[in-house]
Amino acid sequence: MEMESLPNGNSAAAVAAAAAAAAAVAPSSKLNQLAESLKLEHQFLRVPFEHFKKSIRANHRIVEKEMSAVISGVADAANADFSRDEAVHHLNSLVSRLQGLKRKLEEGSRTEHLQAQKCRARLDHLESADADNLSDWNNMRLKRILVDYMLRMSYYDTALKLVESSNLQDLVDVEVFHEAKRVIDALQNKEVAPALAWCAENKSRLKKSKMESKFEFQLRLQEFIELVRAENNLRAITYARKYLAPWGSTHMKELQRVMATLAFKSNTECATYKVLFEPKQWDYLVDQFKQEFCRLYGMTLEPLLNIYLQAGLSALKTPYCYQDDCTKEDPLSQDSFRKLALPLPYSKQHHSKLVCYITKELMDTENPPMVLPNGYVYSTKALEEMARKNNGQITCPRTGFVCNSSALVKAYIS
């Protein structure tokens, strides 16, 4: 059977093949885009996994502590000369302790199971991404990024509402950020006890980090400063001997500086010591805790929303963006985006692009630029439309200069 020939000489089979090839290219490009997107999902899997490992370690410590106490109690009972009643009472106390351990292990097992489920759900979510549902998957990712931003900025109630309305419970780290919230709230209320407890709980991991944490040391310094502020010098000296002296081998300069506050007092005007009593020291501790917390769980120090926005702004940032006549269509005409793009380098543009001031459309060979006698340049499309409405008259929108359309000169892009 012969194929029907088309007017340009191509057969219907050739057109069908071309259409199939085009259809194959589109999913291929989407899959490449998806592959690039998945490279940015390190934190998405790392955080619940670190939380899971933390629960396992905590349960392991509980078992070791309780079993050690029970074994020690059994050994004591074997060596002691107990009466019948004393022996029964002692064994009952050991049995009660083991029953308590069983309850703790059951609770810990449920927690571990839920966290393992969350890891599995996130793996399934990543595996579900394909070219057909890429739009829905990206929409879900955008919601995750917004929740991450809200939790980092302490908008907890708003974040929870978005999580519940979008069914994101297994895809975001609300529990992890609630752990941080308790410490942050305490520091903002000028209390260091929860932060010190957090340091003790994560002591081994903080020591193993690439940059050994100074957070506990900074907390101890602040607690010492508060004692000096209250003019409780004797207690401050006792505190320094117990908690600050062990840091002397690595942080002697900081210790010498803070110990001098005993002589200068909180009302000093000496700038070197006055700064130690300022309220902003508590804000510094909050910021430092957030950094340590993010490092511990493998999170980015910056919110994901900032990182994605900066990636886009880096392609748009040019010196023109910071001029007063920057077009409102440019995101960098807004102060919030300018601030976000401030540390970014300027975009490297290999080829200049001319955009018409009137239509905001690109000026190219299809829509060439035209030069007015006063030197201003606009697109052919814009000027032809203006001339048609004004009987061949052209008015420069910037200067008000009026001329005939015949006075226009075409500009050539090289």
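Okay, a definition to start: Ala, Val, Leu, Ile, Met, Phe, Trp, Tyr, Cys and Pro count as nonpolar, Asp, Glu, Lys and Arg as charged, and the others, Gly among them, as polar. Hold on to that for the linings.

What you see above is a predicted model, so local features need pLDDT of at least 70 and side-chain atom pairs count only at pLDDT 80 or more, while totals for chains, interfaces and linings use all residues. Numbering runs from 1 along each chain as its sequence is written, and side-chain values use heavy atoms, with hydrogens and water left out.

The overall picture, then. The chain has 17 helices and seven strands; those are DSSP runs, helices being H or I with at least four residues and strands E with at least two, numbered from the N terminus. Of the 414 residues, 34% are buried. Buried means under 20% relative accessible area, exposed is over 50%, and partly exposed is in between, with a 1.4 Å probe and protein chains only. The accessible surface is about 26,300 Å², and carbon and sulfur atoms own 55% of that; the areas come from the Shrake-Rupley method with a 1.4 Å probe, and for residues only the protein chains shown count as cover. Take the contacts (heavy atoms within 4.5 Å): among those with a separation of 6 or more, 59% join residues 24 or more positions apart.

Now the empty space. Rolling a probe the size of a water molecule over the atoms shows where empty space is left. We work on a 1 Å grid over the protein atoms alone: a cavity is a set of points where a 1.4 Å probe fits but cannot get out, a pocket is an open set with protein on both sides within 12 Å along at least five of seven lines, and lining residues have an atom within 4 Å of a point. Points are joined across faces, edges and corners, and a volume is the space filled by probe spheres set on them.

The largest pocket comes to about 810 Å³. Its lining has 23 residues, and Tyr320, Thr327, Lys353, Leu354 and Val355 are the closest to its centre. H15 shows up again, along with strand S1 (354-355), each supplying at least two lining residues. By class that lining is 12 nonpolar, five polar and six charged.

The second largest pocket is about 480 Å³. It has 22 lining residues, and closest to the centre are Arg152, Met153, Leu301, Glu302 and Pro303. Helix H14 (280-297) gives the largest share here, six residues, and the classes are 15 nonpolar, three polar and four charged.

Next, rings. Those of Phe, Tyr and Trp (its six-membered ring) pair if their centres lie within 6.5 Å; planes under 30 degrees apart are stacked, over 60 edge-to-face, and the rest tilted. The whole structure has 11 aromatic pairs. One is tryptophan 198 with phenylalanine 215, edge-to-face at 6.4 Å centre to centre and 75° between the planes. Tryptophan 198 sits in helix H7 (residues 193-201) and phenylalanine 215 in helix H9, so the pair ties together parts 17 residues apart in sequence. Both residues are buried. Then there's phenylalanine 264 with tyrosine 273: the centres are 4.3 Å apart and the planes at 20°, so this pair is stacked. Phenylalanine 264 is partly exposed at 34%, whereas tyrosine 273 is buried at 16%. Ring pairs also link Phe177, Trp198, Phe215, Phe289, Phe293 and Tyr297 into a cluster.

Glutamine 222 is in helix H9 (residues 215-229). Is glutamine 222 buried or exposed? Buried, with a relative accessible area of 4%. Leaving out residues up to four places away in sequence, glutamine 222 touches Arg229, Gln281, Trp282 and Leu285. Lysine 65, in helix H2, is exposed at 59% relative accessibility. Its C-alpha atom is 9.9 Å from that of leucine 101, 36 residues apart along the chain.
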